[in-house]
Amino acid sequence: MSYKLSTIEFNTAVKLNSIFRYHHFLKKANKGLELFILTAPNDEPFLQQAENDGKEVTVLPLWCHELYAEHYSKNSNLNDYKTQGITLGAFLEKWIPQLNNNNICFEIFPLPNDKERGQIISCNDLLDKFEFL
């Protein structure tokens, strides 16, 4: 279940830089107990290529509220993509191990047309962050 997101909080969060969005994500993801991704019309998760520490990596963009994910899709010419919620429990138990086996990282709370991308973090590093929340 997603937490209640006010218009003021939404407008403030989308103006934050990637580091502050990352911390906002961690705080809110634990509170909301649900994470959000985008899926293509064929129900495949939306994956992108990104550079991390000089290496090309595959990332799964991840948001802490469905409105942030919808904002991204509507403003990134991904109108055919839909938002999919994943419970935090399922994410930690099923998604992280599977994505880790495929060497997929996460891009936390990216914004559309963002010059500074979302923070990129490995599966194991994100798992460690949730263990301390």
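I looked up what N113 touches: leaving out residues up to four places away in sequence, N113 is in contact with N75 and S76 (contact means heavy atoms within 4.5 Å). The model is a predicted one, where local features need pLDDT of at least 70, side-chain atom pairs count only at pLDDT 80 or more, and totals for chains, interfaces and linings use all residues. My numbering starts from 1 along each chain as its sequence is written, and side-chain values use heavy atoms, with hydrogens and water left out.

I placed N113 in the loop between β5 (104-108) and β6 (119-121). For naming elements I use DSSP runs numbered from the N terminus: helices are H or I with at least four residues, strands are E with at least two. I also checked Y72, which sits 41 residues from N113 along the chain; their C-alpha atoms are 8.7 Å apart.

Is N113 buried or exposed? I got a relative accessible area of 68%, so N113 is exposed. The cut-offs are under 20% relative accessible area for buried, over 50% for exposed and partly exposed in between, with a 1.4 Å probe and protein chains only.

**Q48**

Next I went to Q48, in strand β2 (residues 48-52). Q48 has 18% relative accessibility, so I log it as buried. Its contacts, again without residues up to four places away in sequence, are V57, T58, V59, P61, Y72, E107 and R117.

**Positive phi**

I went through two non-glycine residues with positive phi. D43 has a phi of about 70° and is not a glycine. D43 lies in the loop between β1 (34-39) and β2, and counts as partly exposed because its relative accessibility is 48%.

N103 is a residue other than glycine too, with phi near 55°. I found N103 in the loop between α4 (88-101) and β5. At 62% relative accessibility, N103 goes down as exposed.

**Cysteines**

How many disulfides does a search of the whole structure find? I got zero, where a disulfide is a pair of cysteine sulfur atoms within 2.5 Å. C105 is in none, and the nearest cysteine sulfur to its own is that of C123, 6.5 Å away. C123 is likewise in no disulfide, its nearest cysteine sulfur being that of C105. C105 counts as buried because its relative accessibility is 12%; C123 is buried at 1%.

**Whole chain**

I counted five helices and six strands in the protein chain. From the N terminus on, I read the order as α-α-β-β-β-α-β-α-β-β-α.

Why do I call the radius of gyration consistent with a compact globule? Because a compact globule of 133 residues would have a value near 14 Å, and the protein chain has 14 Å. The value is taken over C-alpha atoms, and the globule rule is 2.2 Å times the number of residues to the power 0.38. Along the principal axes, the C-alpha atoms fill a box of roughly 40 × 30 × 30 Å.

I noted that 44% of the 133 residues count as buried. Among contacts with a separation of 6 or more, 71% are between residues 24 or more positions apart.

Last, I checked the surface: the protein chain exposes about 7,500 Å², with 48% of it supplied by carbon and sulfur atoms. These areas come from the Shrake-Rupley method with a 1.4 Å probe; for residues, only the protein chains shown count as cover.
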